[in-house]
Amino acid sequence: MDQIIKDLDILPRSEEKAQEESCGVKISKEVNTGKTRKLYIESYGCQMNFSDSEIVTSIMHQDGFDTTATAESADVIFLNTCSIREKAEQTVRNRLVHFNSMKKSRPGLMIGILGCMAERLKEKLLEEEKMVDLVAGPDSYRDLPKLISEVDGGTKAVNTFLSREETYADISPVRLNSNGVTAFISIMRGCDNMCSFCVVPFTRGRERSRDPHSVVAEARGLFEQGFREVTLLGQNVDSYKWSPEVNNKAQLEKKGVSDIVNFAELLQMVADIHPDLRVRFSTSHPKDITDEVLHTIARNENICDYIHLPAQSGNTRVLNQMNRTYDRDWYINRVDAIRSIIGPECGISSDMIAGFCTETEEEHQDTLSLMDYVKYDFSYMFFYSERPGTLAARKFTDDVPLEVKKRRLQEIIAKQQIHSLERNKLEVGKIHRVLIEGTSRKSEEQLQGRNSANKVIVFDRGNHQKGEYVNVLVTDCTAATLFGQVAEQ
Ligand code: SAH
Ligand code: SF4
Ligand code: F3S
């Protein structure tokens with residue numbers, strides 16, 4: 001496991017190997033300010049979960065805890081969990097067994113489950129996993145100090161209340177695993193989309209947007225500390241909507257509310273902070289991404305030319321069964337709009353699911369042909385994993401045999417490899433503006449960073465350091481990485 005932690009923790013996104021799991025695990029860093037108790041937090045799942053762990057750490061630092069990077073020296077262990085696929089939950093269960101063995105020799109050790117698995121299983125976690133003391137869902141982190149004192153008092157503690165308003169806007173996250181150059185900012189929580197395969201609407205609750213002024217203040221604060229790139233996070237950023245008059249989406253959708261800030265306007269506000277602050281965002285939903293957003297990207301040099309636009313499938317009947325609310329033609333129209341408004345070099349990536357309920361061989365071929373049309377720079381690829389309680393689990397049979405799902409996934413991965421290489425080769429011979437993120441994984445003598453389209457570029461260190469922008473002439477590439485030399489500035 002420790003090796004897995006190490007591998008996944010440091011891999012840049014585009015270099016992850018199998019891509020069956022989109023994310024690895026992140027562990028808390030050492031913060032020692034002489035407080036009496038120590039927290040160790042391990043986070044699984046998506047960037048939003050990692051971002052939540054930074055909020056949890058901030059709340060815990062206010063409550064008399066320092067953080068540690070080793071579970072062995074902790075008084076409290078938190079696992080911030082993911083439920084997106086069966087495998088994600090299994091990983092956490094295995095970790096619990098490991099931590100339980102530590103508890104035998106240290107009876108005072110407190111173990112808490114946070115995040116999506118906490119929300120999905122609630123009190124059941126206490127029954128199923130005897131070693132858990134505390135269960136806290138994604139909207140109950142302000143309550144952690146109280147829950148901890150309940151456990152100190154000898155009872156188990158649970159809060160899985162989902163809120164329509166909580167955005168943690170006033171909590172200043174403690175940056176974990178930070179390279180000091182790039183950071184994530186949550187701009188919304190929850191999801192109202194109800195894709196039939198997906199557990200997120202159940203674990204994260206209703207969609208709500210965060211006050212744009214708090215987003216801008218956080219981004220400005222990061223820039224002043226030396227950060228040079230922020231990624232705005234939400235399950236569906238294109239449906240971001242905020243008004244000073246109301247504080248939840250249901251009210252927002254009633255007539256008569258003026259003064260609404262939409263996602264394009266938020267992007268502009270963040271981009272206006274400073275030309276040297278790069279702005280990225282994730283995830284865009286094909287049904288909601290507007291030309292206004294694309295024009296905002298095209299107009300602003302510092303909003304990166306990269307869009308994560310998960311298709312999930314290339315077949316209209318399957319998309320309908322997935323309740324994605326767009327069809328193949330609509331998706332292709334959005335890709336064409338990206339290429340014409342921003343330009344052909346704009347990076348586009350996707351998520352794909354192989355072997356969703358009732359998917360036929362021909363329908364799978366449509367996914368492959370969509371990939372041929374778009375030529376994604378990168379994709380996260382999965383085989384379908386049924387999640388209890390979702391629309392698909394209730395309405396459809398998970399009828400594609402596992403070997404078939406795996407074979408289709410392999411075909412999708414193989415195609416993506418070809419396209420990634422093809423797309424990277426187009427960059428050889430060109431000069432790219434790179435924001436340096438740190439030392440390359442393979443050599444101390446080399447640095448790495450990304451271009452606007454989110455491609456990792458490795459080059460000789462020279463006199464450069466992280467946080468700087470440099471122009472790099474790309475001379476070679478693999479499917480995952482571009483290699484080059486610093487060009488005249
Ligand atoms: N909000 C994002 C996705 C968040 S979940 C969006 O709408 O695109 C990340 C990815 O996990 C999804 O895009 C999907 O490809 C995958 N995923 C979600 N549920 C899954 C399931 N039950 N089985 C396999 N993959 C799943
Ligand atoms: Fe899940 Fe769909 Fe919401 Fe994404 S948009 S989080 S896939 S329900
Ligand atoms: Fe997983 Fe929850 Fe994110 S289910 S993918 S951690 S929103």
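**Which residues in H11 meet which residues in H13?** Asp-291, Leu-294, His-295 and Ala-298 on the H11 side meet Arg-334, Ala-337, Ile-338 and Ile-341 on the H13 side. Contact here means heavy atoms within 4.5 Å. This is a predicted model, in which local features need pLDDT of at least 70, side-chain atom pairs count only at pLDDT 80 or more, and totals for chains, interfaces and linings use all residues. Residues are numbered from 1 along each chain as its sequence is written, chains are lettered from A and ligands numbered from 1 in the order in which they are written, and side-chain values use heavy atoms, with hydrogens and water left out.

**View 1. Helix H11 against helix H13.** H11 spans residues 291–299 and H13 spans residues 328–341. Helices (H or I, at least four residues) and strands (E, at least two) are DSSP runs, numbered from the N terminus. The two axes come within 10 Å and cross at roughly 25 degrees. H11 is therefore roughly parallel to H13. Axes are lines fitted to C-alpha atoms, for helices over the stretch in contact, and angles run from 0 to 180 degrees between N-to-C directions. Angles under 35 degrees count as roughly parallel, over 145 as roughly antiparallel, 65 to 115 as roughly perpendicular and the rest as oblique. H11 passes H13 in a right-handed crossing (the near helix is turned clockwise from the far one by less than a right angle; anticlockwise is left-handed). The contact residues of H11 with H13 comprise five nonpolar, one polar and two charged. Ala, Val, Leu, Ile, Met, Phe, Trp, Tyr, Cys and Pro count as nonpolar, Asp, Glu, Lys and Arg as charged, and the others, Gly among them, as polar.

**View 2. Helix H10 against helix H11.** H10 covers residues 263–271. Its axis and that of H11 come within 8 Å and cross at roughly 15 degrees. So H10 is roughly parallel to H11. Their crossing is right-handed. H10 contributes Phe-263, Ala-264, Glu-265, Leu-267 and Gln-268, and H11 contributes Glu-292, Val-293, Thr-296, Ile-297 and Arg-299. By class, this contact has five nonpolar, two polar and three charged residues.

**View 3. Helix H14 against helix H16.** H14 runs over residues 361–374 and H16 over residues 402–425. The axes come within 10 Å and cross at roughly 15 degrees. H14 is therefore roughly parallel to H16. H14 passes H16 in a right-handed crossing. Residues of H14 in the contact include Glu-361, His-364 and Met-371, and those of H16 include Arg-407, Glu-411 and Lys-415. The contact of H14 with H16 has four nonpolar, five polar and six charged residues.

View 4. A backbone N or O atom of Phe-197 lies 3.0 Å from a nitrogen atom of ligand 1. A polar side-chain atom of Gln-312 is 2.7 Å from an oxygen atom of the ligand. In the side chain of Arg-324, an N or O atom is 3.2 Å from an oxygen atom of ligand 1.

**View 5. The shells of ligands 2 and 3.** Around ligand 2 are residues including Cys-191, Cys-195, Cys-198, His-285 and Arg-324. That shell divides into seven nonpolar, three polar and one charged. Around ligand 3 are residues including Cys-46, Cys-82, Cys-116 and Arg-204. Its shell divides into five nonpolar, three polar and one charged.

**View 6. Two backbone features.** A cis peptide bond joins Ser-282 and Thr-283, with omega about 10 degrees. Thr-283 is in the loop between strand E14 (278–282) and H11. Met-194 is not a glycine, yet has a positive phi of about 60 degrees. Met-194 lies in the loop between strand E9 (188–189) and helix H7 (200–204).

Conventions: A polar contact is a pair of N or O atoms within 3.5 Å; within protein, one must be able to donate a hydrogen and the other to accept it, and residues adjacent in sequence count only if both atoms are side-chain atoms. A residue is near a molecule or strand if one of its heavy atoms lies within 4 Å of it.
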